[in-house]
Every structure is written in C-alpha cells, then in structure tokens.
Amino acid sequence: MAYVVEHDRPNCIGCGSCCVIAEGFWELDDDGKANITKAEQLKNGQQRLEIKDKDLEIMKDAAESCPVNVIHIKDKTGKSIV
Ligand code: SF4
C-alpha cells in the first residue's frame, strides 16, 4: 500500500527535526521552513508526497518528532496514520 505525506508548510517553524530524522526526504529551505523533497506543491502552501511502504517508518518518525504537528500521513483510503 502507498501512503501520502502531507506537510502544512505555512505552519512549519523550521526546527529541523524532520530533516535530521528523515534526511533525504526533508530539507530546510532558505526561508527557514522545511520542504519535503520532490513534493507536489499545492496552492495553499501545503506539500504532498506519495511514499511507498518501505518509507513509512522513517516518515512516521519524522512526523512524530514535529513539535508543531504539521506533518500528517494518510493511507490510500484517507485514514490518518499520524
Ligand atoms: S519537524 Fe515540523 S516544524 Fe520542524 S522543520 Fe520539520 S515540519 Fe517544520
């Protein structure tokens, strides 16, 4: 099953935790906020990336480390994982 990672980027505080935990999937941008690398950019500033099963655990770890809870993961049915 594939999963979808959603990032509420406008509310990211740029702590860098996700970038350390899931290096390669996340990076800090020049504006001090994180980006999901290769993410789809949505109009409202949100980011979205479909990931495979093998990447779920590292993305869950990143999401659970976020102090402002702006990283969410859903399965393909829309059920919230994190
Ligand atoms: S852990 Fe959350 S607040 Fe920190 S950089 Fe990542 S998305 Fe932003």
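User: What makes this a nonpolar core, and which residues of the largest one touch the most other members?
Analyst: A nonpolar core is a set of buried Ala, Val, Leu, Ile, Met, Phe, Trp, Tyr and Cys residues joined through C-beta atoms within 7 Å. Buried means 20 or more other C-beta atoms within 10 Å of a residue's own, exposed means 12 or fewer, and partly exposed lies in between, with C-beta atoms placed from the backbone. The largest core here holds 15 residues, and Cys-18, Trp-26, Met-59 and Ala-62 touch the most other members. Bear in mind that this is a predicted model: local features need pLDDT of at least 70 and side-chain atom pairs pLDDT 80 or more, while totals for chains, interfaces and linings use all residues. Residues are numbered from 1 along each chain as its sequence is written.

User: Which element supplies the largest share of this core?
Analyst: β1, β3 (34-36), α2 and β6 each give at least two residues, and α2 gives the largest share, three residues. These names come from DSSP runs numbered from the N terminus: helices are H or I with at least four residues, strands are E with at least two.

User: What does Cys-18 touch?
Analyst: Contact means C-beta atoms, placed from the backbone, within 7 Å. Leaving out residues up to four places away in sequence, Cys-18 touches Trp-26, Ala-34, Ala-62, Ser-65, Cys-66 and Ile-71.

User: How do you know that the buried residues of α2 line one face?
Analyst: In α2 (residues 56-65), Met-59, Ala-62 and Ala-63 are buried. Down the helix axis they fall within an arc of 100 degrees, so they line one face; the arc is that of the directions from the axis to the C-beta atoms. They pack against β1, α1 (17-21), β2 (26-28), β5 and β6 (71-75).

User: Why are β4 and β6 called edges of the sheet?
Analyst: Four strands form an open, antiparallel sheet in the order β4-β5-β1-β6. β4 and β6 each have a single partner strand, so one side of each is left without a neighbour in the sheet.

User: How do you know that β1 pairs with β5?
Analyst: Two strands pair if DSSP finds at least two bridges between them. β1 (residues 3-7) and β5 (residues 47-51) have five, in the antiparallel sense. Tyr-3 stands opposite Ile-51, and His-7 is partnered with Gln-47. β4 (residues 40-41) joins β5 through two bridges, so this pair also meets the cut-off of the definition. One of its bridges links Glu-40 to Arg-48.

User: Why is Lys-38 called exposed, and what about Asn-69?
Analyst: Lys-38 has 9 other C-beta atoms within 10 Å, so it is exposed. Asn-69 has 11 neighbours inside 10 Å, so it counts as exposed too. Lys-38 is in the loop between β3 and β4, with phi near 65 degrees. Asn-69 is in the loop between α2 and β6, with phi of about 55 degrees. Most residues other than glycine have a negative phi.

User: How many residues around the ligand are nonpolar, polar or charged?
Analyst: The shell has nine nonpolar, four polar and no charged residues. Ala, Val, Leu, Ile, Met, Phe, Trp, Tyr, Cys and Pro count as nonpolar, Asp, Glu, Lys and Arg as charged, and the others, Gly among them, as polar. Of the 13 residues around the ligand, Cys-12, Cys-15, Cys-18, Ala-34 and Cys-66 come nearest; near means a C-beta atom, placed from the backbone, within 6 Å of the molecule or strand.

Definitions and conventions
Contact = placed C-beta atoms within 7 Å.
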